[in-house]
Amino acid sequence: MKTLLTFRVKKLVRNLNSPTEIYEIEENKNNLNINKKYLNKKGRPFSVSLPKEIKLFSEVAGLIVGEGFIGDRTFIFANSNEKAIDEVLDFLKQFNFPIKMYLEISVKNKPKIFKDQSKNFWENYLKIKIKRVRLRKEFNSITKYGTIHLIVNNALLSKLLKQIIELSKLKIEKNKQLSIDYLKGILAAEGNINVKKTTTNCLYMVRISASKKEEREHYKRCLEKAGLHIYCEDMPSVSKEEGKQRGWKTTKGRAGAVIISKWDNFLNILLLDLLELH
């Protein structure tokens, strides 16, 4: 059974009050009416209705941390896995804010029909009409039907999500089952399985990409709590400039990564079913 984190929206909203703006809360039977007011600057007040609680599966927290972007006014989640899109969509629907979508397809070396095939697949799967398709001509496709982007443009959602994710990380690091389910989302979003194809054709490394050192330390605490052990030093991040100096073909550099090695860890990954979303 998937592990669940629950957050009281009233408490989260109260944490947003500041010397320049306040959020007044009216509690009804099933929801909260939130009214934002500015105290010492001009701004347009607004009202919104939110549920009393927000529920977040720890697996979905991993997907959001791994593939999500939380800006000041925008949340974006991009993925090519139908299950991942389903789970994040279900989470976002709790807030009752408009959710926009678009499809991104890499068409390099693909037949013309690939665009329509990808669009039809996602429209049938999600039961929606996709209005925007972004074509990328510079990359070969590594996905079967392109990548769906989920977008919510709302400053309040971004503020609430930042709190929810940070609180989730603290809880997850301290609980084994939460860590296990969270890592399923992280590995689905940022995991890479490395196989020695030129020699033994055997697995030799699983890595979790993360540019910032503090992110990698957080992942390692979760891995240790789940029962895995870190034997190797992190793969360091490489900037664009460093990549050029090394003569790399890519112009983007490389994100750092947590390295998971040795067969006791590989066995645990299989036993804990960390490579599957549920």
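Which residue forms a salt bridge with Glu-104, and how far apart are the closest N and O atoms? The partner is Arg-136, with the closest N and O atoms 3.5 Å apart. The model is predicted, so local features are taken at pLDDT of at least 70 and side-chain atom pairs count only at pLDDT 80 or more, while totals for chains, interfaces and linings use all residues. Residues are numbered from 1 along each chain as its sequence is written, and side-chain values use heavy atoms, with hydrogens and water left out.

**Figure 1. The salt bridge of Glu-104 and Arg-136.** A salt bridge is a side-chain nitrogen of Lys or Arg within 4 Å of a carboxyl oxygen of Asp or Glu. The pair links distant parts of the chain, with Glu-104 in strand S8 and Arg-136 in strand S9, 32 residues apart; helices (H or I, at least four residues) and strands (E, at least two) are DSSP runs, numbered from the N terminus. Glu-104 counts as buried at 16% relative accessibility, and Arg-136 is buried as well, with a relative accessible area of 15%. Buried means under 20% relative accessible area, exposed over 50%, and partly exposed in between (1.4 Å probe, protein chains only).

Figure 2. Glu-166 counts as partly exposed at 45% relative accessibility. Glu-173 is buried, with a relative accessible area of 17%, whereas Arg-221 is partly exposed, at 41%.

**Figure 3. The largest pocket, with a volume of about 1,500 Å³.** Of the 38 residues that line the largest pocket, the closest to its centre are Glu-67, Ile-142, Ala-189, Glu-190 and Asn-192. On a 1 Å grid over the protein atoms alone, a pocket is an open set of points where a 1.4 Å probe fits, with protein on both sides within 12 Å along at least five of seven lines, and lining residues have an atom within 4 Å of a point. The volume is the space filled by probe spheres set on the points, which are joined across faces, edges and corners. Helix H6 gives the most to the lining of the largest pocket, with five residues.

**Figure 4. A nonpolar surface patch of about 370 Å².** Ile-193, Val-195, Leu-270 and Leu-275 make the patch. Patches are made of residues with over 30% relative accessible area and no salt bridge, with nonpolar side chains (Val, Leu, Ile, Met, Phe, Trp, Tyr) joined within 5 Å; accessible areas come from the Shrake-Rupley method with a 1.4 Å probe, and for residues only the protein chains shown count as cover. Val-195 is found in strand S11 (residues 191–195) and is partly exposed, with a relative accessible area of 33%.

**Figure 5. Positive phi values at Lys-127 and Asp-273.** Phi of Lys-127, a residue other than glycine, is near 60°, and this residue lies in the loop between helix H4 (113–126) and S9, where Lys-127 is exposed, with a relative accessible area of 72%. Phi of Asp-273 is likewise near 60°; Asp-273 lies in the segment after helix H9 (263–271) and counts as partly exposed at 30% relative accessibility.

Terms used:
Patch = residues over 30% accessible without salt bridge, like charges linked within 9 Å, V, L, I, M, F, W, Y side chains within 5 Å.
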